[in-house]
Amino acid sequence: AKEEEEAEVATKSPSEELREKIGRFVSGTTDLCFRLSEHERRAAVVAKEKAALAAEQAGFEAELKEKVGEQERLAEAEEYERADELESSVARVKQEMALRAAALRDLALEVDRAEREMG
């Protein structure tokens, strides 16, 4: 098979060889451009998602701070039942924060993986 390929190459004119090389170059370059374009598009989407998740996370952090502060004030005022009622709100906010943090980590991993694929 290798001998046949060498014989075929030997019979091609320089212009045919050049045409084939240019064709392979154009095909490879086009593929690379499409891959790069898709990578840039995905990077823009990920950046928007990260910004939205970060904003949500900041909102949850502020809400958590407010709820914990209110819980502390109620405990100091010896309104333990009301303070306990807030515990479910605090737990919900903490859970939402953990979900947003996991989503941000997943996005970071996706970006890292895409960048490695682009080489």
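Me: At roughly what angle do the axes of helix 2 and helix 3 cross?
Reply: This is a predicted model, in which local features need pLDDT of at least 70 and side-chain atom pairs count only at pLDDT 80 or more, while totals for chains, interfaces and linings use all residues. Residues are numbered from 1 along each chain as its sequence is written, and side-chain values use heavy atoms, with hydrogens and water left out. Helices are DSSP runs (H or I, at least four residues) numbered from the N terminus, and axes are lines fitted to C-alpha atoms over the stretch in contact, with angles from 0 to 180 degrees between N-to-C directions. The axes of helix 2 and helix 3 come within 8 Å, and they cross at roughly 160°.

Me: Is helix 2 roughly parallel or roughly antiparallel to helix 3?
Reply: Angles under 35 degrees count as roughly parallel, over 145 as roughly antiparallel, 65 to 115 as roughly perpendicular and the rest as oblique. The axes cross at roughly 160°, and therefore helix 2 is, relative to helix 3, roughly antiparallel.

Me: How far apart are the end C-alpha atoms of helix 3?
Reply: The expected span of a helix is 1.5 Å times one less than its number of residues. Helix 3 covers residues 80-118, so its 39 residues should span 57 Å, and in agreement with this its end C-alpha atoms lie apart by 57 Å.

Me: Which helix do the buried residues of helix 3 pack against?
Reply: Buried means under 20% relative accessible area, exposed over 50% and partly exposed in between (1.4 Å probe, protein chains only). In helix 3 the buried residues include Ala83, Val93, Met97 and Leu107. Taking contact as heavy atoms within 4.5 Å, the buried residues of helix 3 pack against helix 2.

Me: Is arginine 100 buried or exposed, and which residues does it touch?
Reply: Arginine 100 is found in helix 3, and because its relative accessible area is 16%, it is buried. Leaving aside residues up to four places away in sequence, arginine 100 touches Leu53, Glu56, Gln57 and Phe60.

Me: How is alanine 101 classed by its relative accessibility?
Reply: Alanine 101 also lies in helix 3. Its relative accessibility is 24%, so alanine 101 counts as partly exposed.

How values were computed:
Helices (H or I, at least four residues) and strands (E, at least two) are DSSP runs, numbered from the N terminus.
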